[in-house]
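Please look over the sequence and the model before reading on.

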Amino acid sequence: MTDRPIPRISARKGPKQARSAQLVADILAAAVQVLEKEGAQRFTTARVAERAGVSVGSLYQYFPNKAAILFRLQADEWRETGALLRDLLADPSRPPLDRLRTAVHAFVRSECEEAAMRGALDDAAPLYRDAPEAQEPRLAGTRTLQAFMAEALPGAPDATRTLAAELVMMTLGDVGKAISERHRAPEAAEPYAAALADMLCGYLEGLRVR
């Protein structure tokens with residue numbers, strides 16, 4: 001039995017001029033449209049190039065295959081989510097649990113707004129999830145939560161804080177996804193976000209008093 005080959009998902013080169021940067025932006029915008037319309041199974045570089053109004057050869061100057069395009073979309077989403085959590089959870093002007101509550105609501109709202117594309121990216125994940133490049137952007141949210149737990153649980157052992165960060169991250173991801181699949185409209189998801197925030201804040205409060 002042979003190991004499954006790891007796909008190449010790194011971009012061939014980065015755009016150095018404004019025109020090149022615009023070309024990459026057009027390709028990515030077209031990729032989002034194709035992904036949302038056709039789904040992961042029918043996503044091809046040819047369809048993306050056609051939607052972007054460029055040749056397949058021009059597309060291949062920047063992305064070696066469809067896995068590279070899909071990974072770029074997913075990595076951008078991971079970075080945006082990581083930045084969202086970081087900005088909200090690192091705000092020193094507010095108590096930690098207030099920050100967490102706000103972050104939960106913002107995360108669920110983001111999940112709902114991007115549910116269609118996120119579902120398609122989940123379907124496409126086998127194309128890029130085992131590549132080494134996929135590991136680093138996935139860890140950004142976990143590191144943010146680990147730093148947050150140092151403030152929220154200052155007296156807890158390191159192992160407890162690490163476990164809490166992992167559980168909160170997994171719960172946000174899994175429950176947020178489930179909520180967005182049931183309620184695409186952010187306003188309809190608000191009661192679920194409030195309940196999720198109550199649950200996570202209650203969990204941390206319980207750890208504080210142990």
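How many disulfides does the count come to? The count is zero, where a disulfide is a pair of cysteine sulfur atoms within 2.5 Å.

## Cysteines

C112 is in no disulfide; its nearest cysteine sulfur belongs to C201 and is 19 Å away. C201 is likewise in no disulfide, with the sulfur of C112 at 19 Å. C112 is buried, at 4% relative accessible area. C201 is buried too, at 2%. Buried means under 20% relative accessible area, exposed means over 50%, and partly exposed lies in between (1.4 Å probe, protein chains only).

## Basis of the model

The model is predicted: local features need pLDDT of at least 70, side-chain atom pairs count only at pLDDT 80 or more, and totals for chains, interfaces and linings use all residues. Residues are numbered from 1 along each chain as its sequence is written, and side-chain values use heavy atoms, with hydrogens and water left out.

## Helix α1

Helix α1 spans residues 18-38. Helices (H or I, at least four residues) are DSSP runs, numbered from the N terminus. The 21 residues of α1 reach 30 Å from first C-alpha to last, close to the 30 Å expected at 1.5 Å a residue. That expected span is 1.5 Å times one less than the number of residues. Just after α1, G39 takes a positive phi of about 85 degrees.

Which residues of α1 are buried? They are S20, L23, V24, I27, L28, A30, A31, V34 and L35. These residues cover an arc of only 165 degrees around the axis, so they sit on the same side of α1. The arc is that of the directions from the helix axis to the C-beta atoms. The face turned away from the buried side carries the exposed residues A18, R19 and K37. The buried residues of α1 pack against α2 (45-52), α3 (56-60), α4 and α6 (115-124). Contact here means heavy atoms within 4.5 Å.

## Nonpolar cores

A nonpolar core is a set of buried Ala, Val, Leu, Ile, Met, Phe, Trp, Tyr and Cys residues joined through side-chain atoms within 4.5 Å. The largest has 30 residues; L35, F43, V48, F63 and Y128 touch the most other members. Two or more residues each come from α1, α2, α4 and α6. Helix α1 gives the largest share, eight residues.

F43 touches A31, V34, L35, V48, K66, I69 and L70, not counting residues up to four places away in sequence. A second, separate core of 28 residues includes A103, L145, L153 and L196.

## Salt bridges

The whole structure holds eight salt bridges. Each is a side-chain nitrogen of Lys or Arg within 4 Å of a carboxyl oxygen of Asp or Glu. E38 pairs with R42, the closest N and O atoms being 3.0 Å apart. E38 is partly exposed at 26%, and R42 is partly exposed at 43%.

R79 bridges to D76, with the closest N and O atoms 2.6 Å apart. Both lie in helix α4 (residues 66-89), three residues apart, about one turn of the helix. An α-helix has 3.6 residues a turn, so residues three or four places apart point the same way. R72, D76 and R79 are linked in a network of salt bridges.

E190 bridges to R109, the closest N and O atoms being 3.9 Å apart. E190 lies in helix α9 (residues 186-208) and R109 in helix α5 (residues 96-113), so the pair ties together parts 81 residues apart in sequence. E190 is partly exposed at 26%, and R109 is partly exposed at 34%.
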